[in-house]
Structures are given as structure tokens and as C-alpha cells.
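Visitor: I have a model open and some time to go through it. Can we take a few sites one by one?

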Amino acid sequence: MSTNQPLMNTYARLPVHFASGKGATLYDQQGIAYLDALSGIAVCNLGHAHPEVGEAICQQSHKLIHTSNLYEIDQQTELAQQLLTQATMQKAFFCNSGAEANETAIKLARKYGHDRGIESPKIIVMENAFHGRTMAALSATGNPKAQEGFGPMLAGFERVPYDDVDAVAALSSDPDIVAILVEPIQGEGGVRVPQAGYLKQLRDLCDQHDWLLMVDEIQTGMGRTGHWFAHQADAITPDVMTLAKALANGVPIGACLAGEKAADILAPGNHGTTFGGNPLACAAGLSVMKTLRFHNYPKKVAEHGQRLLEAFQTQLQDLDGVTEVRGRGYMIGIELDRPCGELVKQALDNALLINVTQGNTVRLLPPFVMSTEQSQTLIDTVCRLIRDFLKRKANP
């Protein structure tokens with residue numbers, strides 16, 4: 001039954017209205033301050049109301065916001081070049097979101113297959129993966145709950161367990177396989193960090209069988225894990241990489257980067273976008289790139305993130321009810337042995353924004369600008385909430 005609420009019922013929203021933000025802090029309509037340890041789900045890596053990003057947006061908005069991709073866009077060309085240099089890749093396509101970036105990657109893989117005479121190309125994807133909510137991205141996603149009610153899913157995806165190279169290799173005899181699509185660390189899947197060398201072994205399999213290695217860096221990219229891109233920890237270069245979320249610190253933008261094997265697959269008429277890569281979004285993206293480089297944030301995130309992870313491990317990993325504390329950089333998951341979704345509201349009541357994914361894993365994605373004092377507040381509050389939660393469950 002419809003209600004008077006003007007918005008579609010797609011979110012179970014928390015009872016708070018934010019009016020402003022600065023750095024790692026958000027302020028509600030009453031002026032109450034909240035520590036944001038979620039960064040808009042890994043979007044506002046540079047925090048809220050970042051002065052340089054805000055100034056870049058403001059200046060560009062007074063010059064030119066949109067022209068369409070029928071014409072040259074200098075800001076888009078410059079942002080592409082900077083990303084490609086950082087990633088050692090060759091060509092970029094800009095869009096508006098992570099789902100759109102992954103749709104581009106999926107189309108690239110299918111076109112790659114058709115160009116080689118494969119009528120029904122297949123992509124290997126992972127259990128518990130999340131690649132977006134458009135139909136192709138949803139079909140690649142390994143979350144039955146997200147897919148429920150939207151079938152039939154698109155064909156052409158072969159699903160295997162994450163962090164299981166043998167399962168991937170077992171599909172190598174299938175002549176229709178053309179690509180692997182994988183997250184370097186699974187975010188929505190519970191902050192799953194694979195074993196060292198996992199991506200390198202996937203890279204070797206792709207080279208051996210002439211597949212595309214496509215890496216979804218939408219949540220892990222732009223410094224989040226202590227590298228510009230998480231796959232760089234394995235010293236590999238993918239054939240395709242997708243980015244979004246933190247690329248423009250909150251301005252909608254997505255990107256699909258391609259290396260030599262995939263750079264020239266798409267031609268005029270194969271793909272397109274109305275808003276993707278417009279001057280405003282790219283100006284914001286350029287400001288983010290400049291700020292990340294100037295402050296050497298990936299290196300700082302690696303160092304500070306490790307200290308943060310170790311603090312949580314020291315205080316929680318031996319606690320009865322805590323299964324594992326894991327992560328890399330400013331991407332941390334605290335897995336419990338039971339559902340713990342109620343911790344999100346309890347954290348909100350303590351002026352802290354966190355998230356629970358997979359039903360039982362507290363996910364922390366703090367902004368890079370979080371102060372030492374704020375980091376300690378995060379540690380103290382999360383550890384206290386988890387201890388109290390487990391104590392209540394043990395003594396109902």
C-alpha cells in the first residue's frame with residue numbers, strides 16, 4: 001500500500017537528517033556532531049566540505065557544467081591521462097557510477113569475445129561479490145538477496161568461490177570464457193581480504209588463456225587500501241579496471257580504464273553516456289587526484305590504517321563472539337559470530353556512523369582526514385559497543 005512518503009521505499013533510512021559536514025564530522029539539523037566512519041560508503045575519502053574540492057566545483061560551475069560527449073572536454077582528457085598514468089593503463093571511459101563502470105567492463109568483455117568469434121562469451125565472477133544493481137552488474141553480483149524478484153538474471157556468468165584459484169582454473173577448458181571480474185577486496189561481501197598472491201595467480205591464468213582480467217576497484221580504489229588501487233599490492237596490472245565512489249569525493253562519476261588488450265575494443269556507436277565525464281565531475285576528480293598526491297594520502301592510509309587495524313585486533317580478536325578482525329588501509333571489517341545489524345543504530349545513538357554488511361560484519365570506511373583524536377574515539381566507541389552487544393546477547 002502506498003503512503004504519503006514521496007520517495008520510493010528503497011532504503012531503511014536511519015532517523016537522522018544531516019545539514020552540513022566538515023572533515024570527518026557530520027552535523028545534523030540540531031547541530032549535533034557525528035563522527036563519520038563510513039565516508040558515504042567509501043565516497044568522501046577526503047572528508048566533507050573539502051576546501052580544494054569545493055573550490056574546484058564552484059569555479060567550474062561558473063564556467064561550464066555540461067556540453068555532452070559530442071565535443072572535446074579538456075577536463076575529461078586531463079583526468080583520464082592522470083588516472084591512466086597512475087594505473088599504467090591506456091584508455092578511459094567516463095560514466096556516472098560504479099554500476100555503469102561495471103556495465104562498461106562487461107560490454108568490453110562480451111565484445112572482446114565476439115571479436116574472437118565466441119558467440120556466447122562468459123565471465124567468471126565470485127561468490128559474495130557486489131558489482132552494482134543494473135541488470136548486468138546485478139547478474140555478476142553474488143548476492144541472491146539483491147537479485148531476488150528481478151530474475152531472470154542475464155546469462156554468461158560463471159560463479160566460483162572468492163579467493164579460490166583452483167576453482168577458476170577448473171573452468172579453463174571452457175572455450176567460451178573470456179574474462180574474470182573480481183574485487184581485490186570484497187567490500188559488501190564482508191571486507192574479505194584474499195590470500196597474498198591471489199590476484200597474481202588470476203593474472204597468470206588470464207595470460208595463459210587469453211582472458212581479460214577485470215578488477216572492480218569501485219570501493220577499494222583511490223587510496224582506500226593504502227595504495228592508489230588495491231591490486232597494486234600484488235604488483236599486477238589488470239586489463240580492465242573500474243572506478244567510481246571516491247573518484248570525485250561525492251560528485252557522481254565512474255570510470256572504466258583499459259590496458260593494451262582492451263583499449264581499442266569499443267568504437268563509436270558501441271557505448272555512450274549523456275552525463276559521463278562532464279566538466280563539473282571531472283574538475284572535482286582532478287582536484288581529488290591533486291589532493292591525494294599532494295598529501296601522499298595512500299601512504300598515510302597504509303600506515304594509519306595498519307595501526308587502526310592492530311588496535312581493533314588487540315582489543316577484540318580474543319573476545320568470545322568475535323570471529324575475525326581484518327582489513328587493509330582504511331577498510332576494516334569486524335566479523336561477529338551472530339547477526340549484529342542493531343549495532344548501526346546503537347552507534348548512531350553514540351554519534352558514530354558505521355555500517356554492518358553480510359549481516360554480521362561491522363564495516364569501517366573512515367575518511368582519510370580523520371584526526372588522531374577521532375581515530376581513538378572510533379576505536380573506543382566501536383570496541384565498547386561490540387563488548388556491550390556481546391554481553392547482552394550472552395546474558396539476555
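Guide: One term to begin with: a polar contact is a pair of N or O atoms within 3.5 Å; within protein, one must be able to donate a hydrogen and the other to accept it, and residues adjacent in sequence count only if both atoms are side-chain atoms. The model is predicted, so local features need pLDDT of at least 70 and side-chain atom pairs count only at pLDDT 80 or more, while totals for chains, interfaces and linings use all residues. Residues are numbered from 1 along each chain as its sequence is written, and side-chain values use heavy atoms, with hydrogens and water left out.

Visitor: Fine. Which side chain joins that of Thr25 in a polar contact?

Guide: That of Gln374, at 3.2 Å. Thr25 is in strand β2, residues 25-28; strands (E, at least two residues) and helices (H or I, at least four) are DSSP runs, numbered from the N terminus.

Visitor: Is Thr25 buried or exposed?

Guide: Thr25 is buried, at 13% relative accessibility. Buried means under 20% relative accessible area, exposed over 50%, and partly exposed in between, with a 1.4 Å probe and protein chains only.

Visitor: What else is Thr25 in contact with?

Guide: Leaving aside neighbours within four places in sequence, Thr25 contacts Ala33, Tyr34 and His48, as well as Gln374. Contact means heavy atoms within 4.5 Å.

Visitor: Why call α9 largely enclosed?

Guide: Because 13 of the 16 residues of α9 are buried, the rest of the structure largely encloses the helix.

Visitor: And what sits at the ends of α9?

Guide: Asn278 caps the N-terminal end, with a side-chain oxygen 3.1 Å from the backbone nitrogen of Leu280. After α9 comes Asn296, whose phi is positive, near 50°.

Visitor: At what angle do α3 and α9 pack?

Guide: About 35°, with the axes of α3 (residues 74-87) and α9 8 Å apart. Axes are lines fitted to C-alpha atoms, for helices over the stretch in contact, and angles run from 0 to 180 degrees between N-to-C directions. The residues of this contact include Gln75, Leu79 and Gln86 of α3, and Pro279, Leu286 and Arg293 of α9.

Visitor: Where does Ser287 lie?

Guide: Ser287 lies in α9 and is buried, with a relative accessible area of 9%. A polar atom of the Ser287 side chain is 3.4 Å from the backbone nitrogen of Val53. Not counting residues up to four places away in sequence, Ser287 touches Glu52, Val53 and Ala56.

Visitor: New topic: Arg338. Where is Arg338 found?

Guide: In the loop between β12 (331-336) and α11 (342-349). Arg338 counts as partly exposed, at 22% relative accessibility.

Visitor: Which side chain makes a polar contact with that of Arg338?

Guide: The side chain of Asp337, at 2.6 Å. Beyond four places in sequence, the residues that Arg338 touches include Gly321, Asn360, Phe389 and Lys393.

Visitor: Last one: what about Val215?

Guide: Val215 is buried, with a relative accessible area of 1%, and is found in strand β8, residues 212-216. Setting aside neighbours within four places in sequence, the contacts of Val215 include Val182, Pro184, His231 and Met241.
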